[in-house]
Amino acid sequence: MELTKKQKTIKYFCYCLIILLADILQNTDGLFPEIFGARCFLLLPTAIILAMGEEFFAGALIGLFAGLLWDLSGAVHLGFNCIFITIMCFIASALVAYITRDTLITNMLSSAVTIVLYCLIYWLCFIVIRGVEGGEMTLFTFYIPCAVYTMALSPLLWLILRPIKTKLNHRTNQDF
């Protein structure tokens, strides 16, 4: 079923609010719990879950918005999050369009790949290559724990976001 222009506007406005909420929770100290210094990168699975099942352009824009919000909260890596999350959301949208279905397993695999790639690429580009003293160990003391923490919360995010996506797409369980 094709959504009307008003329904699409409401849907993407709600998606933007969800991404904004995830950004606030992730990037405001004290709003989301840290476990032994590991932070949860909520924007990564949120953007991927919302982008899956969308058209390529819409999926990429979801990633662009999430990355832009994340980049605005930090001054070190301007543009990295925008580019990375946009590409990963585009790939997730294409994955659902051409290869697989929008299911829990697909969402978790896409989120896990995105989270692991993000942590590794960020660590390589902004810690190792820049020559941060003692930065090699941050992979084990910060980035891997953050990745595990984020991946552990991804199924919960999917359980929260799936009914919202279903309602905004005006689908029933029979449509899946």
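This passage describes the fold, surface and selected residues of a predicted protein model. Residues are numbered from 1 along each chain as its sequence is written, and side-chain values use heavy atoms, with hydrogens and water left out. Because the model is predicted, local features need pLDDT of at least 70 and side-chain atom pairs count only at pLDDT 80 or more, whereas totals for chains, interfaces and linings use all residues.

The protein contains 6 helices and 0 strands, where helices (H or I, at least four residues) and strands (E, at least two) are DSSP runs numbered from the N terminus. The order along the sequence is α-α-α-α-α-α. The radius of gyration is 16 Å, close to the 16 Å given by the globule rule for 176 residues, so the protein is as compact as a globular protein of that length. This radius is taken over C-alpha atoms, and the rule is 2.2 Å times the number of residues to the power 0.38. Along the principal axes, the C-alpha atoms fill a box of roughly 55 × 30 × 30 Å.

Of the 176 residues, 43% are buried; buried means under 20% relative accessible area, exposed over 50%, and partly exposed in between (1.4 Å probe, protein chains only). Among contacts (heavy atoms within 4.5 Å) between residues at least 6 apart in sequence, 71% join residues at least 24 apart. The accessible surface of the protein is about 9800 Å², and 71% of that area belongs to carbon and sulfur atoms. Areas were computed by the Shrake-Rupley method with a 1.4 Å probe; for residues, only the protein chains shown count as cover.

Asp-71 is located in helix H3 (residues 56-72) and is buried, at 4% relative accessibility. Beyond its neighbours within four places in sequence, Asp-71 contacts His-77, Leu-78, Gly-79, Phe-80, Asn-81 and Cys-82. Phe-36, in contrast, is exposed at 85% relative accessibility and lies in the loop between helix H1 (5-27) and helix H2 (43-51). Most residues other than glycine have a negative phi. Phe-36, although not a glycine, has a positive phi of about 50°.

The whole structure holds 0 disulfides, a disulfide being a pair of cysteine sulfur atoms within 2.5 Å. For Cys-16, which is in no disulfide, the nearest cysteine sulfur is that of Cys-14, 9.4 Å away. Cys-16 is partly exposed, with a relative accessible area of 31%. The sulfur of Cys-125 is 13 Å from the closest cysteine sulfur, in Cys-119, which is too far for a bond. Cys-125 is partly exposed, at 34% relative accessibility.
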